[in-house]
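Let's walk through a few local features together, one question at a time. Have the sequence and the 3D view ready.

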Amino acid sequence: MQARPENTEAVIDRLVERSVQHAVFGDRRDFLKVVGAGTAAAALADVFPLQAAKALAQAKLGTPEKKDLKIGFIPITCATPIIMAEPMGFYKKYGLNAQVVKASSWAMIRDLSINKESDATHMLSPMPLAISMGIGSQEVPYVMPAVENINGQAITLANKHKGVKRAAEMNGFKFGVPFDYSMHNFLLRYVLAEAGVDPDRDVQIRAVPPPEMVANLRAGNLDGYLAPDPFNQRAVFEEVGFIYMLSKDIWPGHPCCAFAAKREFAEKMPNTFKAILFAILDATQYARDRSHRKEIAAAIAPKNFLNQPVEVLEQVLTGVFPDGLGNTKNVPDRIDFDPFPYHSMAVWILTQMKRWGYLKTDVTYKKVAEEVFLASACRDTLKTLGYKTPDTTSMKHTFALGKTRIFDPDKPDDYLRSFPIRKV
């Protein structure tokens with residue numbers, strides 16, 4: 001059953017009550033089981049000025065300056081919250097008439113956004129950083145207040161390579177990635193370099209739009225790709241490839257795609273920007289609950305969204321899937337939905353841009369991370385929605401593939417120098 005649309009006032013009332021219940025009584029569900037909803041409301045009224053809190057939240061959100069919106073997306077499961085928010089009514093909940101608009105490539109997504117043909121957009125998490133610094137495009141300031149998904153990628157190889165057991169055996173391969181400024185590109189390079197394979201000398205890596213990857217694998221134009229789903233699972237479904245490695249096994253909990261907008265849009269239409277963020281974070285939290293994954297798969301499968309078999313989307317979203325090697329895997333966090341844009345994630349991405357020569361000048365990592373990855377906006381919205389938020393905006397990250405490496409965002413240059421294969 002799909003989420004039932006509500007008007008903005010009703011939604012904010014509900015969110016405030018949820019937040020206050022959590023703050024006052026702890027676990028909301030346990031409390032409601034014991035006393036019932038009516039008693040809970042009465043108890044809250046006695047200990048907290050609930051109506052005043054609701055009024056404050058209404059004032060904080062404000063009336064959207066623009067209600068008719070276009071939000072760009074690429075048809076991949078990484079965009080699940082942005083896509084599902086239309087058919088499942090999350091945009092309408094916050095007073096928006098938003099239409100998600102499909103694009104065929106990341107260059108098209110970027111250009112639609114820069115040219116104001118879309119109001120906000122689905123982007124690869126490195127893209128707002130790159131565009132804000134004028135790397136690979138004109139320099140346009142962007143903000144990224146939410147990560148769309150974590151994990152959710154894989155290395156898929158053509159069936160003829162089923163004997164490959166280690167990345168060191170991939171010397172000479174032709175790989176596809178969705179875009180130069182993508183986690184896919186940086187994670188693939190990481191895997192290859194850790195195995196002693198120079199990604200710029202020993203293999204070929206080229207940008208291929210995700211919807212074209214399976215066809216290129218079938219035609220023999222690619223030996224493999226590090227791609228978003230559902231195109232890893234689709235290769236298995238069509239019996240042309242197998243899943244060699246999930247991206248969560250490279251960096252558990254890594255960011256993938258994101259919700260982004262031009263800084264100009266966020267500043268000129270703050271209420272609209274907030275309303276979109278409320279809708280997307282609400283949808284993200286709904287998607288985070290694994291009991292909703294099959295319902296979501298059905299909602300985003302149609303032609304105007306992902307145009308994929310529901311069976312394939314369920315395999316991706318539930319984490320129960322055939323791997324193309326005769327095994328059925330059960331990996332619940334194959335893809336997950338944690339929206340918090342840690343600044344340390346941005347700093348890691350910037351080190352990889354530097355490592356591989358995309359970023360050719362010195363950069364103040366922390367400053368760029370804080371300007372683009374809006375952790376405070378995400379935290380404030382999550383708190384209003386009644387969800388817990390991290391205590392910090394930065395953390396250390398562990399990479400256990402090959403040599404275990406700890407990424408310390410306070411020492412990015414030391415981290416960069418620790419790699420024997422790099423361009424700088």
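At 3% relative accessibility, N151 counts as buried (buried means under 20% relative accessible area, exposed over 50%, partly exposed in between, with a 1.4 Å probe and protein chains only). This is a predicted model, in which local features need pLDDT of at least 70 and side-chain atom pairs pLDDT 80 or more, while totals for chains, interfaces and linings use all residues. Residues are numbered from 1 along each chain as its sequence is written, and side-chain values use heavy atoms, leaving out hydrogens and water.

Q: Near what value is phi of N151?
A: Most residues other than glycine have a negative phi. N151 lies in strand β5 (residues 150-151); helices (H or I, at least four residues) and strands (E, at least two) are DSSP runs numbered from the N terminus. Phi of N151 is positive, near 60 degrees.

Q: Is K116, with its positive phi, buried or exposed?
A: K116 is found in the loop between α7 (106-114) and β3 (120-124). Its phi is near 65 degrees, in a residue other than glycine. With a relative accessible area of 55%, K116 is exposed.

Q: What kind of ring pair do Y190 and F419 form?
A: Rings of Phe, Tyr and Trp (its six-membered ring) pair if their centres lie within 6.5 Å; planes under 30 degrees apart count as stacked, over 60 as edge-to-face and the rest as tilted. F173 and F175 have ring centres 5.8 Å apart and planes at 45 degrees, so that pair is tilted. For Y190 and F419, the centres are 5.9 Å apart and the planes at 80 degrees, so the pair is edge-to-face.

Q: How many residues apart in sequence are the parts that Y190 and F419 tie together?
A: Both Y190 and F419 are buried. Y190 lies in helix α9 (residues 183-194) and F419 in the segment after α19 (412-417), so the pair ties together parts that are apart in sequence by 229 residues.

Q: How far from the ring centre of F419 is the charged end of R355?
A: A charge sits over a ring if NZ of Lys or CZ of Arg is within 6 Å of the ring centre and within 35 degrees of the ring normal. The charged end of R355 sits over the ring of F419, and its distance from the centre is 3.8 Å.
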